[in-house]
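Visitor: Could you take me through this model and show me how its features should be read?

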Amino acid sequence: MASHSDTLVVFFGATAGANGGKLGSDEREIILLVWQIVDLHEKKVGKLQRRLVKPDTLELTDQSKEETGLSVDDLYKAEPLDKVLQQFQQSVSAELKALGRSSYTLCVDGPLIIRQALHPEASKKNLVLPECFYSFVDVRKEFHTCCPNAGQVQDLTLPSMLEYVCIPELPLSEQVMGLKEVRSMVLLSLHILAEPYNHRFSCFEAVKYKLESGACSKTEPVDSETVIRARGLPWQSSDQDIARFFKGLNIAKGGVALCLNAQGRRNGEALVRFINQEHRDLALERHKHHMGSRYIEVYKATGEEFLKIAGGTSNEVAQFLSKENQVIIRMRGLPFTASPQDVLNFLGADSPVTDASDGLLFVKYPDGRPTGDAFVLFSCEEYALNALKKHKQILGKRYIELFRSTAAEVQQVLNRYMSTPLISTLPSSSMVPMPVLATPPYLTTGSTRDCVRLRGLPYTAAIEDILEFMGEHTIDIKPHGVHMVLNQQGRPSGDAFIQMRSADRAFMVAQKCHKKMMKDRYVEVFQCSTEEMSFVLMGGTLNRSGLSPPPCKLPCLAPPAYAAFPSPAMLSEAALYQPPLLATPRTPQPPHSPHPTHTLAYYPPQHHPAQFYMNMNMNYTAYYPSPPVSPSTMSYFASPPGSVALAAQQPHAQGHVASPMMPQHGALVRMQGLPYNAGVKDILSFFQGYQYSPEDYSSMVQMSQGQTRSLIQPKEWLCL
């Protein structure tokens, strides 16, 4: 509008439900509109206009009937809201023309009729409101500016304001609802315009036409009194749908943050940030209002919660979102080899991307691998709708999903993928560190990225297949450096770790072998550290969210009362801080040895007193998910699949020294597939025929996740 000072249109409305301070809180439709023009220059008033509005649902609450004096029969012959609004425009325009004025501003008693009733109802009925309903003045705030000693704005009422300036009550003939309120506001406005106040209406309030997109930094202060949490949203709802639900209230720039679940999909919740506390409080009044057929719960939230979802630190994201008033579309399921040009060709000429390839943002893991997600910017709604028509069309050999997205979702997705390390550190625990099994001498932990991880191996792949896959880089593998990862059922997981002689060699392998084919599958290869490798081999689960440590189920492997398991009191200080156990590989044997020992991998007992005392935070099965089958210095041959062997203790001729890796008295045998009702006697019967004395054995059976383990101390060592 050209000016807000020519004319005021004093405006009032009532609904078929709650009115007064609760107007609009129950989603009831408008049934009454009353208005009157006030010429601010000439101090003249126009004709008082009153219109009944026919709601879609002809129902009135008892409270509404009593307050308005209306009945269903009165509304039956009335015009619907869109027709009444047309009459309003025509009437006001005609009077303005007669007064020689060109512009006007609405004046209301509180913002509820505009923000909580008219805009929400027009949005639900897809009505386009005239421009005048996007700007107004609140007579209470104007009066407070003029008479600050009259009380707080929220405590002011029309009767109290009239009493403060000594205006007498209206006659009984004007006590009809609507007429009374409009006449009171007109008298009050004329009074503060005159001497001695000479007030000028200046506290103009605006209703935003649309949601403004934008980025939010994690360092940006967010007032907790401006944030709400909306719950129960349809999963396909966008930020525009949420803005439409809160139509009439001003949402801060980039203030809608859709929450995602662990799989990166929307979970039906959103955090919404408003421009001030007043709008947040009005939003809370829309608790259990409807979006389509679903009711939406609205609760208070905090600024920290909003920043956790919507805040970001990436310069790349900030630059991508710096283009304002863009429509954001999320693409999911892209081929990992897709290039920006492939995406542009897929979208086509009818949906041009803003700034071509600069309007694309590919989501990647911290190591640079693509996730298959991308965000695209479009300059207008038409282009975005054209792009959404390509939902589930094929690019390469994959169908692509397209969804509306938000700036906050861009931040959230990028934070989830880019801020997560390859393997996160174990969570801190308030528990006292418990002793764990000693680290095998061949594996040291460290942050040097001298290892590679192979992911996506065929389940039938063996060591020989990995060595063939590595090709010329095989010579750079450390002795005992190939580690196959098995799941808790003892089956191949499709992963393997390989220790290289240096970080440079590991980087070279990751570059040259990444996505190289092994049998009928391509294998992903990327660089990692020994520390990361040991976390996985000890039983942790590595996924997109980082490392999930094994659950706490078995506090120890065996009761300390057994002779083979020392009590905690016997543990040295060094034993308290040992890394978790990895299975020890077989000892390399020189070819000229006259008495070669067995070359199968085994789990030898060690002299350290903490050998079998388990960490309280770990499950037993997690310590043996992956017996590392490693190449020896002589040849690269794997042990038989699924075998757990004990090296046979052969009698040594006089003068010959036994291998230092030879098992001592007492060793662990792992037995899988035992019947669940098997007992100690059944296990001893299974070993019948081998030499041992009844007084020389102890047996312990533990059941965990369908696996049975037995500790035997036989006199003759055997291979299983």
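The dialogue below goes from overall composition to cores, strands and cysteines.

Guide: This is a predicted model, so to speak of local features a pLDDT of at least 70 is needed, side-chain atom pairs count only at pLDDT 80 or more, and totals for chains, interfaces and linings use all residues. Residues are numbered from 1 along each chain as its sequence is written, and side-chain values use heavy atoms, with hydrogens and water left out.

Visitor: What share of the residues of the protein count as buried?

Guide: Buried means under 20% relative accessible area, exposed over 50%, and partly exposed in between, with a 1.4 Å probe and protein chains only. Of the 720 residues of the protein, 51% are buried. Helices (H or I, at least four residues) and strands (E, at least two) are DSSP runs numbered from the N terminus, and the protein has 18 helices and 29 strands.

Visitor: Which residues touch the most other members in the largest nonpolar core?

Guide: A nonpolar core is a set of buried Ala, Val, Leu, Ile, Met, Phe, Trp, Tyr and Cys residues joined through side-chain atoms within 4.5 Å. The largest one has 49 residues, and those that touch the most other members are Phe11, Leu33, Phe88, Ile114, Phe133 and Phe246. At least three residues of this core come from each of domain 1 (7–206) and domain 2 (216–312), the bounds being taken from an automatic or database domain assignment. A second, separate core has 33 residues, including Val10, Cys147, Val186 and Ile192.

Visitor: Is strand S22 largely enclosed or open, and why?

Guide: Strand S22 (residues 492–500) has 7 of its 9 residues buried, so it is largely enclosed by the rest of the structure. Two strands pair if DSSP finds at least two bridges between them. Strand S20 (residues 451–455) pairs with S22 in the antiparallel sense over 5 bridges, and strand S21 (residues 477–486) runs antiparallel to S22, joined to it by 6 bridges. Ala496 in S22 is the bridge partner of Leu454, and Met484 also stands opposite Ala496.

Visitor: How many disulfides does the structure hold?

Guide: A disulfide is a covalent bond between the sulfur atoms of two cysteines, identified here as a pair of cysteine sulfur atoms within 2.5 Å. The structure holds 0 disulfides. Cys451 is in none, and the nearest cysteine sulfur, that of Cys528, is 5.2 Å away. Cys451 is buried, with a relative accessible area of 0%, whereas Cys203 counts as partly exposed because its relative accessibility is 25%.
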